[in-house]
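Good morning, and thank you for coming. I shall speak today about one protein chain, and I ask that you keep its structure in view as I proceed.

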Amino acid sequence: MDLYLYYRVSLENTAVLQQRVSVMQAGLAQQYKIATEFKRSPQANDGMYTWMEVYLDIPDGFELALKAAVAELQLDALIDGPRHIEHFLDFSPCA
């Protein structure tokens, strides 16, 4: 299962967010042997960018580790509103 999280961050918090999420994702990728991605919307809207964290093929228990890492790095203090979480499974149509 893949995990996608998106949220909004003000322009003034962009540099700090990038640094903290990069550190967090590098640690989680190494610990859980997963691929990660970090993306943002191409343009700011009302002084905010929308950011997306991607975690591919996550194992059981990963979300608890992610929650702990987010708390440790105080990411919620940089985010405007909630972190929206979506789960997706690979889909292969039958031939």
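Predicted model: local features only at pLDDT ≥ 70, side-chain atom pairs only at ≥ 80, totals over all residues.

Residues are numbered from 1 along each chain as its sequence is written, and side-chain values use heavy atoms, with hydrogens and water left out.

The protein chain contains two helices and four strands. Here helices (H or I, at least four residues) and strands (E, at least two) are DSSP runs, numbered from the N terminus. Along the sequence, their pattern is β-α-β-β-α-β. The C-alpha trace spans about 45 × 30 × 20 Å along its principal axes.

Let us turn to the helices. Two packed helices are described by the angle between their axes and the distance between the axes. The axes of helix 1 (residues 14-32) and helix 2 (residues 62-72) come within 11 Å and cross at roughly 150°. Helix 1 is therefore roughly antiparallel to helix 2, a term for angles over 145 degrees. These axes are lines fitted to C-alpha atoms over the stretch in contact, and angles run from 0 to 180 degrees between N-to-C directions.

Which residues meet? From helix 1, Met24, Leu28 and Tyr32 meet Phe62, Ala65, Leu66, Ala69 and Val70 of helix 2, contact meaning heavy atoms within 4.5 Å. The residues of this contact comprise eight nonpolar, no polar and no charged.

Finally, the largest pocket. Its lining includes Leu3, Glu63, Leu66, Val70, Asp76 and Arg83; a pocket is an open set of points on a 1 Å grid where a 1.4 Å probe fits, with protein on both sides within 12 Å along at least five of seven lines, and lining residues have an atom within 4 Å of a point. Helix 2 gives the most to this lining, with five residues.

Key. Parallel < 35°, antiparallel > 145°, perpendicular 65-115°, else oblique. Nonpolar A, V, L, I, M, F, W, Y, C, P; charged D, E, K, R; others polar.
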